[in-house]
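Me: I've got this model open and want to learn how to read it, one feature at a time. Please give me the general idea first, then the case at hand.

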Amino acid sequence: MIKLYGIKNCSSVKKGIEFLEAKKLDFEFLDIKKLSEKELDFFLSKKPFEVLINTAGMSARKLNINKDFIAKSSKDELKNIVLTNPSLIKRPVICSDDTVLVGKEYEQYFS
């Protein structure tokens with residue numbers, strides 16, 4: 001089963017939902033704001049923080065999180081920040097089998 005993590009009113013998430021529906025793929029929508037540590041650990045087993053955190057997003061700007069901050073921070077520190085502020089994650093995050101797709105990566109994967 002495909003899992004799509006996001007925020008309902010996010011335009012990028014809406015596009016991801018429309019894409020999966022157009023491809024007639026069954027998926028489960030999960031609110032990324034309710035992200036568990038286990039789910040984040042799975043994301044991180046496939047993608048580094050540099051890919052997972054949207055440094056161009058409003059949440060990152062408010063928290064002064066940029067590429068330099070990510071490079072200088074420990075994985076535990078970043079993990080705690082993301083679990084406290086899951087809107088930092090680039091959306092949507094789509095999990096299919098053992099694959100994690102971030103942002104628009106789903107366009108190539110499901111084409």
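Me: Let's start with strand pairing. Which residue in β4 is the bridge partner of Ser 96?

Reply: Ser 96 has Thr 99 as its bridge partner in β4. Before we go on, this is a predicted model, where local features need pLDDT of at least 70 and side-chain atom pairs count only at pLDDT 80 or more, while totals for chains, interfaces and linings use all residues. Residues are numbered from 1 along each chain as its sequence is written, and side-chain values use heavy atoms, with hydrogens and water left out. Strands (E, at least two residues) and helices (H or I, at least four) are DSSP runs numbered from the N terminus, and two strands pair if DSSP finds at least two bridges between them. Here, β3 and β4 pair over four bridges in the antiparallel sense.

Me: How do I read the whole sheet? What is the strand order?

Reply: Go strand by strand across it: β2-β1-β3-β4, an open sheet of four strands with mixed pairing. β2 (27-31) and β4 (99-102) each have a single partner strand, so one side of each has no neighbour in the sheet. To find your place, Gly 6 stands opposite Asp 31 in β2, and Lys 3 has Cys 95 as its bridge partner in β3. Helix α1 (residues 11-22) packs on this sheet and touches β1, β2 and β3 (93-96); contact here means heavy atoms within 4.5 Å.

Me: And the faces of a strand? Which residues of β3 are buried on each side?

Reply: In a regular strand, side chains alternate between the two faces of the sheet. We call a residue buried under 20% relative accessible area, exposed over 50% and partly exposed in between, using a 1.4 Å probe and protein chains only. β3 is covered on both faces: Val 93 and Cys 95 are buried on one, Ile 94 and Ser 96 on the other. Ser 96, for instance, has a relative accessible area of 7%. Leaving aside neighbours within four places in sequence, Ser 96 is in contact with Ile 2, Tyr 109 and Phe 110.

Me: Now the core. Which residues have the most contacts inside the largest one?

Reply: A nonpolar core is a set of buried Ala, Val, Leu, Ile, Met, Phe, Trp, Tyr and Cys residues joined through side-chain atoms within 4.5 Å. The largest has 33 residues, and Tyr 5, Phe 43, Ile 53, Ile 89, Val 93, Ile 94 and Phe 110 have the most contacts inside it. Among the elements giving two or more residues are β1, β3, β4 and α6 (75-84), while α1 gives the most, with four. Take Ile 53: beyond neighbours within four places in sequence, Ile 53 is in contact with Ile 65, Ile 70, Leu 78, Val 82 and Leu 88.

Me: Some of those are aromatic. How many aromatic pairs are there?

Reply: Three. Rings of Phe, Tyr and Trp (its six-membered ring) pair if their centres lie within 6.5 Å, with planes under 30 degrees apart counted as stacked, over 60 as edge-to-face and the rest as tilted. For Tyr 5 and Phe 43, the centres are 5.0 Å apart and the planes at 80°, so this is an edge-to-face pair. It links distant parts of the chain, 38 residues apart: Tyr 5 belongs to strand β1 (residues 2-6) and Phe 43 to helix α2 (residues 37-46). Tyr 5 is buried at 4% relative accessibility, as is Phe 43 at 0%. Tyr 109 and Phe 110 also pair edge-to-face, 4.9 Å centre to centre with 85° between the planes.

Me: Are Tyr 109 and Phe 110 buried or partly exposed?

Reply: Tyr 109 is partly exposed at 38%, whereas Phe 110 is buried at 14%. Phe 110 lies in the segment after α7 (105-109). Setting aside neighbours within four places in sequence, the contacts of Phe 110 include Ile 2, Phe 19, Leu 20, Ile 94 and Leu 101. Phe 19 is 91 residues from Phe 110 along the chain, yet their C-alpha atoms are separated by 9.2 Å.

Definitions and conventions: Axes fitted to C-alpha atoms, helices over the stretch in contact; angles between N-to-C directions.
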